[in-house]
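Please read the following points beside the model.

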Amino acid sequence: MAAKAPATPDQGKQIIDLLTEKKKTIVTAESCTGGMIAAALTDIPGASAALYGGYVTYANTAKTRMIHVQARLIRDYGAVSNQVARAMADGARNTAHADYAVAVTGIAGPDGGSDRKPVGLVYVAVSSELATVVIEHRFGDLGRDEIRKASVKAALDLVLQVLTGVED
């Protein structure tokens, strides 16, 4: 499977412009991307009008302590799961009192994969007051850096889809 194109400044600009126009805020909750989504948004001048901030919840205890992901979800489904991605997005949005949240959890490798959850498995979630959308991606073993870049792009794509009401 080919790597998705890296995130573009245009994606970040579109997100910041849409949120600023709507007078809405977004917060990030990142595990495998380690703050790269927040960095992509803060690359845009004027981002402070829409970006509340971000949580880097790399450790499972950070997920539970910082954004209130229930430890039972991590125990029962694993940190890389639809359930935990949803809880990360909802927890970040509620903790920050933001209008939207984007969350990412995945296995960037090179270690940590299994037959059931291979390297390149990433869940992206976007939470709003209306709903929380979670998408599973299987990027394949592209290498750690490329998986992280593809995850950022996928996260920004999903935010744009939610903000514009466009579905793929």
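1. T28 stands opposite G54 in strand β2. Strand β1 (residues 26–30) and β2 (residues 51–56) run parallel and are paired over five bridges; two strands count as paired if DSSP finds at least two bridges between them. Helices (H or I, at least four residues) and strands (E, at least two) are DSSP runs, numbered from the N terminus.

2. The model is predicted: local features need pLDDT of at least 70, side-chain atom pairs count only at pLDDT 80 or more, and totals for chains, interfaces and linings use all residues. Residues are numbered from 1 along each chain as its sequence is written, and side-chain values use heavy atoms, with hydrogens and water left out.

3. Together with helix α2 (residues 36–42), β1 and β2 form a right-handed β-α-β unit. Right-handed means that, with the strands pointing away from the viewer, the path from the first strand over the helix to the second runs clockwise.

4. Which order do the strands of the open sheet follow? The order of the five strands is β2-β1-β3-β4-β5, and the pairing is mixed. β2 and β5 (132–138) are the edge strands, each with a single partner strand, so one side of each has no neighbour in the sheet. From one strand to the next, the twist averages 15°; angles run from 0 to 180 degrees between N-to-C directions, and axes are lines fitted to C-alpha atoms, for helices over the stretch in contact.

5. Strand β4 (residues 121–127) pairs with β5 in the antiparallel sense over seven bridges, and a hairpin of four residues joins the two. Within this pair, V124 stands opposite I135, while Y123 has E136 as its bridge partner. In a regular strand, side chains alternate between the two faces of the sheet.

6. The axes of helix α3 (residues 60–67) and helix α5 (residues 82–96) come within 9 Å and cross at roughly 35°. K63, M66 and I67 of α3 meet V84, M88, G91, A92 and T95 of α5, contact being heavy atoms within 4.5 Å. By class, this contact has five nonpolar, two polar and one charged residues; Ala, Val, Leu, Ile, Met, Phe, Trp, Tyr, Cys and Pro count as nonpolar, Asp, Glu, Lys and Arg as charged, and the others, Gly among them, as polar.

7. Over residues 13–163, the chain is 44% helix and 21% strand, and the end C-alpha atoms are 13 Å apart.
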